[in-house]
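Colleague: Could we go through the charged pairs in this one? I'd like the details with the cut-offs spelled out.

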Amino acid sequence: MFRPVLDAVGGSLFLTALVAMLPLLTIFILLGGLRLAAWKAGIAALLVSIVIAIWAYSMPVGMAVSSGIEGAAFGFFPIMWIVINAIWVYNMTVATGHFDVLRRSFASISDDQRIQAVIIAFSFGALLEALAGFGTPVAITSVMLIALGFRPLKAAVVALVANTAPVAFGALAVPITTLATVSQQPEHTLSQIVGRQTPLLGVFVPMALVFIIDRGRGVRATLPATLTCGITFAIAQFVTSNYISTPLTDIVASLVSALAVVLLLRVWQPKQAYVESGVEEEVVAAGARGSRTSATGAMTAEAGDQHREGHTGRRRPVHTESDAGAEDLATMRARDEAAHDRGSDVFKAYAPYLIIIIVFVLAQLPGIKDALDAPTKVFNWPGLDGLQSASGKASKIPQFKLNWLAAAGTLMLISGIISIPVLGISPARALRAYGTTLKQLAAAIVTVMAVLGLAYVMNASGQTSSLGTWMAGAGGAFALLSPILGWLGVAVTGSDTSSNSLFGALQVTAAKDAGLHPALMAAANSSGGVLGKMISPQNLAIAAAAVGMSGREGDIFRRVIGWSVAFVAFMCVLVFLQSTAVLNWMIP
């Protein structure tokens, strides 16, 4: 039997919390400071967490190791299971050429690749987040951006920053339903509060994406489009989460925002169209748009002023694994120039995503949902008998849910199988694409399994509870720190759902002790958590693998950490004001 003691180090909660921080510091220093590959950093941090669990918390060796193995298993299923199958569907569209058709279809919406990026990374990414979540939108949209001509590093950064505002309602609002369960707060109330926090963030994310791509000049040039996208997304997310349906929130918001931008572009276009060539960016005068040869950034007209991408004064080509294996832009441009996509081709290009939507929606219908849940097995993980929570109650950590048929990854696999005849790909070729996918994601799989193992060890041993309890001691100021707790949870686990599971109940307990609104603090965990996703090793590994930069997750981390910190600071101020008379009128 093992019961965590939260002040295990010298009877001091502060000292214990400092020790509990070591696994987190290990992974971030190795990843961001020493530029170690994410899978190596993850394994190192996992080992540190096990040592601390045994040494500082006196956790039995067998329990510490078993909890790490359980976390690793959870990292593969269900988390990487959905990513693997989502990328497989994408790889099949690449193999059949339908991805090129999809890319040209998106590019036809606007000549300006800043706007294309907003539609793909933010609106389409939000739809993928709504249906699948768990890294799927980052993986797919980053590759789509590369196909449009964006460099791998920039594509990964844009995809990660875009995957923020929709996350709390991702995977058909699983984070919210999980939060309601662990915090014992009404699900609809939590949905309402989160729906009055993340929409404000959603207004600014499209502008942030354009700033990443084209700095301040781009933000000014595309303001009508980014405001239209952000505001319509925010309104739709607020209305749906508060008055219509929690699970459908992101589906409605993503479609409304995309449609609004498409309608706007019928009456307005930027004065200068921004185009990327993959090596350098160019601004094309509006009158020269007709000279462009493709949606990937090729052009035959003279360009306008060239400008630099980064904050450094030098430019150099970015060489990655994808550069070596991908066809050169000239070949892509020539093919795009000669392409004449028929209506049936465009339909087939969109078909896999339509199939995914249909399959996931059908899976939520009562009768079908019950049938899918029927084979689900829940069992206690070996080696964790007698594990208790810090309160002395039996821990729920040993319970492992194997919902192999109802899992989102399995639904994605089913969608892929249905897509095979639609795409016109042979079963043998589809199987080869699956093998390619596993090889492509090998490093990401190891990373996710290692970091989830870390999360489980920290949770089972009491390390996360020590950190959370120490932060909760801030009293009324806890409202300012509450989103940071969720942010740290997602940074470690890579999942808003997992973070809510870790800290949801703690947020409510701390809120009651400090005289704060319990549902507000619980919701803040989820809203703050979405901003930690872009810096989580799992999502960094997924993004790096998707764009061919495996081993360079540290480069991506340094490009997104500033955005993550800035956004979570905004959320901290918002939640704090909502806990006071200034903005408490926003709380239902």
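**Salt bridges and burial**

Modeller: The side chains of aspartate 112 and arginine 114 meet in a salt bridge with an N to O distance of 2.4 Å, where a salt bridge is a side-chain nitrogen of Lys or Arg within 4 Å of a carboxyl oxygen of Asp or Glu. This is a predicted model, in which local features need pLDDT of at least 70 and side-chain atom pairs count only at pLDDT 80 or more, while totals for chains, interfaces and linings use all residues. Residues are numbered from 1 along each chain as its sequence is written, and side-chain values use heavy atoms, with hydrogens and water left out.

Colleague: Are aspartate 112 and arginine 114 buried or exposed?

Modeller: Aspartate 112 and arginine 114 are buried, meaning under 20% relative accessible area, with exposed being over 50% and partly exposed in between (1.4 Å probe, protein chains only).

Colleague: Which residues are linked with them in a network?

Modeller: Asp112, Arg114 and Asp214 are linked in a network of salt bridges.

Colleague: And how many salt bridges does the structure hold?

Modeller: The structure holds 7, and one of them joins the side chains of glutamate 129 and lysine 533 at 3.7 Å, N to O. Glutamate 129 lies in helix 6 (residues 113-131) and lysine 533 in the loop between helix 24 (518-529) and helix 25 (537-547), so this pair ties together parts 404 residues apart in sequence; helices here are DSSP runs of H or I, at least four residues, numbered from the N terminus.

Colleague: Switching to aspartate 345, what is its partner?

Modeller: Aspartate 345 forms a salt bridge with arginine 342, with the closest N and O atoms 3.3 Å apart. Aspartate 345 counts as buried at 18% relative accessibility, whereas arginine 342, at 54%, counts as exposed.

Conventions. Helix = DSSP H or I, 4+ residues; strand = E, 2+ residues; numbered from the N terminus.
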